[in-house]
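Here is a walk through a predicted model.

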Number of protein chains: 2
Amino acid sequence: MKRVTISDIAKVCETTKTTVSYVINGKLNKVSPEMVQKVKTAMKELGYVPSHSAKSLAGKGSNLIGVIVPQVDVTQKMIFDNPFYSEFISGIEYYLRNSGYSVVLSVVNRENCFEDMMMKWNLDGAVVFGIDNDEMVKILGNYAVPVLLIDSYITSSNFYRMNLQDEEAAYMATKFLIEEGHKNIAVVTGKVEKSMLLEARLEGYKRALGDSGIAFRQESVFEGDVTYEYGFEAAKKIEEDPDITGILASADIVAFGVINYLQSKGRKIPEEYSVVGFDDTYQAKIMHPKLTTVGQNISKRGEKAGELILNIIMNRQKEKETWMKCEMVVRETTRKLK
Amino acid sequence: MKRVTISDIAKVCETTKTTVSYVINGKLNKVSPEMVQKVKTAMKELGYVPSHSAKSLAGKGSNLIGVIVPQVDVTQKMIFDNPFYSEFISGIEYYLRNSGYSVVLSVVNRENCFEDMMMKWNLDGAVVFGIDNDEMVKILGNYAVPVLLIDSYITSSNFYRMNLQDEEAAYMATKFLIEEGHKNIAVVTGKVEKSMLLEARLEGYKRALGDSGIAFRQESVFEGDVTYEYGFEAAKKIEEDPDITGILASADIVAFGVINYLQSKGRKIPEEYSVVGFDDTYQAKIMHPKLTTVGQNISKRGEKAGELILNIIMNRQKEKETWMKCEMVVRETTRKLK
DNA sequence: ATGAAAGCGCTAACAT
DNA sequence: ATGTTAGCGCTTTCAT
């Protein structure tokens, strides 16, 4: 399968590479309409497919968009252990699918891996998940490549960001639980001091408590990892505290762990515990009982991220920050306390 | 951030690109040991990162491996609606992560999209999911690029394949249900005539029935899509047939739909129905009750696929076919019928 | 052991 | 409107 190049097309059309290149790049004002037709026909006939390597090398874009997931902890070796990523990335891919850009997946562990990605593939843009760390910012700042940060609390004018209103969302969820009659609400979350996102969510929780005149108790906060396993662990301790009736998890996956432990001990949900997740992953809808959660419409967010990074690349995105709202999705794991 | 090229390194080392290239490519017999050291040091100092575009253009590999998921039906717009893909691809990525190769994700809808992928990115290899269609084979056959087919029943010496023993697996699952005392076992699956994989699984089901002297009834076979939604639909009809006590789904995702419908109607699982899935996705373990299913260890398969495609690229993979075994994972959605 | 030079496919500044 | 040409970073053949 010999590659068809622009030279081949030029030959067939009795013209030169330049003209063909112009046609391909839509600089039609530089080429006569007849030639445009001739070239276009020839391209189709010969089955021309551009070489992105060549284009990239010539200093133009690579048409590659990096989707970069930092591997935070060792346990999470698979990216998609947390369905949040699958759904999000799926959304990005879906939006980009017919744009001419492709998605290169990359899970980076060492800081400099990110640099490598940029340089190696000459990325046109990157969507980077959950970076809170300053070192990374410095590295990222060294590149002209547009970067869209997802769920990062870093404020640097170098980047575009797409965030959730985490504080408000957690406030809403807590408030919801309180209005359902819960007074003792546990929070199961990751290491708060390591993540401004988790911190914001905890703040929202505290504010809701405060607004309702409920005292905050540090013992009700369970900090570990944002994993199924930790949810499971935390639930063991929660079970020991007879006062707790409401549970707020910082991710659906954590809620699953919590629920599963409780159910495995014969506890009834929502009869004995009301639990609220965060994310609204696909599973939340298909499990039984269906999970009450803070919905962030993950795949839509993914699509939006695709749209944003494209707009950024095209230089038509002004706003540096995009905030997305969450909404309560009340399903079956919560109930009113009489 | 100016790019550091081999010329820069050459300059620093007072030598030429050629020598540097030799060092990079490990052709150390062509370079003096001192020079090797000098070059290596310079590379580190200057922070050299190779340009894959240039390498690719120069006729060498692109270091890009395409992971190609054909978009079969319109409904399934997101790749990762079926967690099978997320887990599998996650496994591939995990294996490839430190190999120097990167994964380009691509969901193709039109046949020729595959060609485009190949040419555009100058892929070094491709992992392609579920291709049963002959046209595709012709197209794929045109390329020298190594292709690893996942779950494809196409037999063409052009490709490498990694398959499950589907017939045996379905036989095993059916047999299991029979041994648990079930005589009326429904099958919920996709369009069988369109997929040799589904056909094989149905054959296994029939054989198990036959071996146990149970007559096959076409009415017990529900063909639709391999989706949660179809599982949900099919369950409605299953509920109308009072004889059915066992249900075999052709994928976990389908089983989830079935179970959810049944549970939503207040039916008890496994008390009233025993249902068996196929895949053993992550959710199977974390739902309640936990799903009994045919386990194929998806992420391990993904890792294996990564290993295989790498070996194929390196020319050190002899076997064209790799068959993987499935095992019964008995959990909580099935029970012995008294 | 090292170097010079051509070429991979494409773009774009610069002629014509 | 069209053609000429240099150059992007790298590999590799062919000298030296």
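**Where the two chains meet**

In this predicted model, 59 residues of chain A are in contact with 58 residues of chain B. The area buried between chain A and chain B is about 5,200 Å². Carbon and sulfur atoms give 60% of that area. The side of chain A that touches chain B draws on several elements, each supplying at least two residues. The helices are α4 (52-57), α5 (83-96), α6 (112-121), α10 (228-240), α11 (252-264), α12 (282-286) and α13 (298-313) of chain A. The strand is β2 (102-108) of chain A. By class, this side of chain A has 25 nonpolar, 21 polar and 13 charged residues.

What holds for charged pairs across this interface? The rule finds zero salt bridges between chain A and chain B. Polar contacts do occur there: the count is 18 residue pairs, both residues at pLDDT 80 or more.

Strand pairing also crosses from chain to chain. Three bridges join β2(A) to strand β2 (residues 102-108) of chain B. The two strands run antiparallel. Within this pairing, A:Leu105 stands opposite B:Val103 in β2(B).

How are the two copies related? Two copies of a chain are related by a rotation about an axis and a shift along it. The same surface serves both copies, as 98% of the contact residues of chain A recur in chain B.

Now look at the backbone. Most residues other than glycine have a negative phi, and most peptide bonds are trans. Some places in this model depart from that pattern. The peptide bond from A:Ile269 to A:Pro270 is cis, with omega near 15 degrees. A:Pro270 sits in the loop between α11 and β9 (274-279) of chain A. In chain B, a cis peptide bond joins B:His288 and B:Pro289, where omega is about 0 degrees. B:Pro289 belongs to the loop between α12 (282-286) and β10 (292-295) of chain B. Phi is the angle to check at B:Glu14: it is near 55 degrees, a positive value in a residue other than glycine. B:Glu14 lies in the loop between α1 (6-13) and α2 (17-24) of chain B.

Return to charged pairs. Over all chains, the count comes to 36 salt bridges. One of them pairs A:Asp151 with A:Arg301, whose closest N and O atoms are 2.8 Å apart.

Conventions
Residues numbered from 1 in each chain as written. Chains lettered and ligands numbered in written order. Predicted model: local features only at pLDDT ≥ 70, side-chain atom pairs only at ≥ 80, totals over all residues. Heavy atoms only, no water. Contact = heavy atoms within 4.5 Å. Buried area = accessible area lost by both parts, 1.4 Å probe. Salt bridge = Lys/Arg side-chain N within 4 Å of Asp/Glu carboxyl O. Polar contact = N/O pair within 3.5 Å; in protein donor to acceptor, adjacent residues only side chain to side chain. Helix = DSSP H or I, 4+ residues; strand = E, 2+ residues; numbered from the N terminus. Nonpolar A, V, L, I, M, F, W, Y, C, P; charged D, E, K, R; others polar. Pairing = 2+ DSSP bridges.
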